[in-house]
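Thank you all for making time this morning.

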Amino acid sequence: MDAGDVLVWIVWILAALALLSSGLAVVLFSNPFYSALALIGNLASLAVLYLLLAAEFVAAAQVLVYAGAVVVMFVFVIAYLGGRADAPWAGGPTLQSVAAVVATAAIAIQIVVAIALTAGDELSAPADVTDTFGSPQEIGTLFLSDHLLAFEVTSIVLLVAAVGGVVLASGIPGDRTE
Amino acid sequence: MLGPGIAAYLVLSVVLFATGAFGVLIRRSPLIILLALEIMLNAGNLALIAFSRQQADADGQIFALTVMVVAAAEAVLGLGLIVAVSKKRVELDVDRLTSLRG
């Protein structure tokens with residue numbers, strides 16, 4: 001184990017701890033405003049993990065799109081609506097919270113078993129990648145050659161979502177039922 | 001590949017997905033349910049990128065970027081719906097949002 005390996009392990013452990021603790025914080029903070037802010041930490045630590053997996057462009061897009069745009073939108077809507085506290089577990093464990101824990105554990109075990117049964121023996125030896133793997137150049141080439149249809153459909157999806165969001169939030173003109 | 005293997009990333013992804021699922025199941029505020037949904041989508045993205053690195057095939061990263069776009073669109077529409085519901089003076093609690101007719 002050389003120095004580079006130790007360094008990557010340290011970075012990975014720090015990012016993993018930040019990822020899991022901020023994820024729990026999002027779920028458990030009773031104030032929605034704090035939850036949205038914790039989501040930023042969650043997304044940033046995910047970006048670090050993406051960098052370790054040689055996905056530079058996705059890491060950059062993650063920070064720009066999520067931490068830069070989606071979370072800002074969340075914070076804006078929470079500020080607009082006035083974040084009310086919501087702590088369903090406040091009065092001790094209820095039937096719902098116990099059932100949620102059981103269901104969550106079942107989902108996790110199910111995923112682990114499914115992956116271990118189908119791909120367990122292939123996971124130990126990752127293939128070698130070149131330096132350009134995951135670079136903007138390679139992603140751009142793939143998007144404009146093999147995945148051109150997905151790229152174009154994506155732009156339409158974003159347009160429809162943007163128009164739909166505006167219509168939903170501002171109300172349809174002429175609709176007097178509000 | 002330096003550092004932990006792909007399996008470690010997949011375990012992280014599973015735990016993160018379970019955290020998000022727990023949030024969706026236990027919270028009542030639709031805003032926080034949307035935040036927990038984002039966590040679940042991101043856990044899926046982490047698994048996609050880990051598999052992409054394992055196969056040395058960048059198609060998984062393309063898939064992850066597409067998921068990111070869909071997640072952004074979902075957040076826009078979800079927040080738009082929440083704002084529309086709040087304009088009807090209905091309490092933002094998924095246990096009470098049982099009727100679609102205003």
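Let me start with the contact between the chains, which takes 62 residues from chain B and 73 residues from chain A, where two residues are in contact if their C-beta atoms, placed from the backbone, lie within 7 Å. Please keep in mind that this is a predicted model, in which local features need pLDDT of at least 70 and side-chain atom pairs count only at pLDDT 80 or more, while totals for chains, interfaces and linings use all residues. Residues are numbered from 1 along each chain as its sequence is written, and chains are lettered from A and ligands numbered from 1 in the order in which they are written.

On the side of chain B that touches chain A, the elements giving two or more residues are α1, α2 (30–55) and α3 (59–87) of chain B, and the largest share, 21 residues, comes from α3(B). Helices here are DSSP runs of H or I with at least four residues, strands are runs of E with at least two, and both are numbered from the N terminus. That side of chain B divides into 44 nonpolar, 13 polar and five charged residues, with Ala, Val, Leu, Ile, Met, Phe, Trp, Tyr, Cys and Pro counted as nonpolar, Asp, Glu, Lys and Arg as charged, and the others, Gly among them, as polar.

Turning to chain A as a whole, its secondary structure comes to six helices and zero strands. Its C-alpha trace spans about 65 × 50 × 30 Å along the principal axes.

Finally, helix α2 of chain A, residues 32–52, has 21 residues and reaches 31 Å from its first C-alpha to its last, close to the 30 Å expected from 1.5 Å times one less than its number of residues. After α2(A) comes A:Ala54, whose phi is positive, near 60°.
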